[in-house]
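Open the model in your viewer and keep the sequence panel beside it. The tour below goes from one selection to the next.

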Amino acid sequence: MSNQDLKIFPILPEALGLFVIPPEEHCHYKGIALKIINKPNDEYKSQNIGCSTLSHFCNQKNQNIFKNFPELKNLETTLCEFTLKYIRSIGFTCDEVIITDAWLNCGSANSSQAMHVHSNSLISGTYYINFVPDVHAPLSIFNDRLLQGTARHPFLELPIDQSVSTPYNQQQLRISIEESSVLLWKSHILHGWDNNQADNRISLSFNVMPKVCTDGYAYSFSVNR
Ligand SMILES: [Fe+2]
């Protein structure tokens, strides 16, 4: 049977946003992040539940790196501007956004972050503060057709035909990253990273909500941090 009578159409693509922080600003923010990480206040530091060589700073429910370290205020403003641009560029309206959670991550060699999603958030992002592409693990976006037993809901799957490679049967898509870049994506996308080969993979993760969540007609609520 030939494939000449079959056409496959990619539908409803996801939007991954990429912005870059200008070099001078990036240098300033990197200096602040390194100070926070190198002289940690015990109250702000925690270890990742699944990986003891991955530390987080200000990721507890009553913490937010921008609230706890006001010297990063300008970065918060910039990330909100990026997110509004992202929302408008993909064809939606929003007047104001709030970063409801923001925290630093520092991974040592051999650290990883298991596949996960961000709950209670609409858009999530990561700012790559110290990142050497040859040795620090890229971000992976996982294919939700192929959850390999880690699914959070019952689901059906088919075995992969190893002789055929398509955009639909890949386990994951690795996103190449440059230091100072900011990636944005829908919070419910499965993501993570592994095979990190060097210390000090430093990033700032954040969750964003519209100040007013509404369909534009009937239903709405507003968000305060
Ligand atoms: Fe994440």
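Begin with the buried residues of helix α3: select what covers them, which includes β1, α1 (23–38), β4, β6, β9 and β11. Keep in mind that this is a predicted model.

Now select α3 itself, residues 73–89. Which of its residues are buried? They are Leu75, Leu79, Phe82, Thr83, Tyr86 and Ile87. Look down the axis of α3: these buried residues fall within an arc of 135°, so they line one face of the helix. An α-helix has 3.6 residues a turn, so residues three or four places apart point the same way. Turn to the other side of α3, where Lys73, Asn74, Thr77, Glu81 and Arg88 are exposed.

A length check can be done here. The 17 residues of α3 should span 24 Å at 1.5 Å a residue, and its end C-alpha atoms are 24 Å apart, which agrees. Just after α3, select Gly91, which has a positive phi of about 95°.

Next, show the sheet of 7 strands. It is open and antiparallel, and its order is β1-β9-β6-β11-β4-β3-β2. Strands β1 (17–20) and β2 (45–47) stand at the edges with a single partner strand each, so one side of each has no neighbour in the sheet. On average, neighbouring strands here are turned by 25° against each other, direction ignored. Helix α3 packs on this sheet and touches β1, β4, β6 (123–130), β9 (181–186) and β11 (201–210). The direction of α3 makes about 115° with that of β4.

Zoom in on β3 (residues 54–57) and β4 (residues 97–107): they run antiparallel and are joined by 4 bridges. Select His56 and look across to β4, where Asn105 stands opposite.

Stay with β4 and select Leu104. Its contacts, leaving out residues up to four places away in sequence, are Ala33, Ile36, Ile37, His56, Phe57, Cys58, Ile65, Ile202 and Leu204. Leu104 also belongs to the largest nonpolar core, which has 38 residues; Ile65, Leu104 and Leu204 touch the most other members. Two or more residues of this core come from each of α1, α2 (65–68), α3, β4, β6, β9 and β11. Which element gives the most to this core? It is β4, with 6 residues. In soluble globular proteins, nonpolar side chains tend to be buried together.

Move on to the sheet of 4 strands, which is open and antiparallel in the order β5-β10-β7-β8. Its edge strands, β5 and β8 (172–175), each pair on one side only. Neighbouring strands of this sheet are also turned by 25° against each other on average, direction ignored. Select β7 (residues 139–142) with β8 to see an antiparallel pair held over 4 bridges. Within this pair, Leu139 has Ile175 in β8 as its bridge partner.

Finish with two loop residues. Most residues other than glycine have a negative phi. Asn120 has a positive phi of about 50° although it is not a glycine. Find Asn120 in the loop between β5 (113–116) and β6. Is Asn120 buried or exposed? Asn120 is exposed, with 9 other C-beta atoms within 10 Å.

The last stop is Asn200, in the loop between β10 (191–193) and β11. Its phi is near 60°, again a positive value in a residue other than glycine. Asn200 counts as partly exposed, with 17 C-beta neighbours inside 10 Å.

Key: Residues are numbered from 1 along each chain as its sequence is written. This is a predicted model: local features need pLDDT of at least 70, side-chain atom pairs count only at pLDDT 80 or more; totals for chains, interfaces and linings use all residues. Two strands pair if DSSP finds at least two bridges between them. Axes are lines fitted to C-alpha atoms, for helices over the stretch in contact, and angles run from 0 to 180 degrees between N-to-C directions. Two residues are in contact if their C-beta atoms, placed from the backbone, lie within 7 Å. The expected span of a helix is 1.5 Å times one less than its number of residues. A residue is buried if 20 or more other C-beta atoms lie within 10 Å of its own, exposed if 12 or fewer, and partly exposed in between; C-beta atoms are placed from the backbone. The arc is that of the directions from the helix axis to the C-beta atoms. A nonpolar core is a set of buried Ala, Val, Leu, Ile, Met, Phe, Trp, Tyr and Cys residues joined through C-beta atoms within 7 Å.
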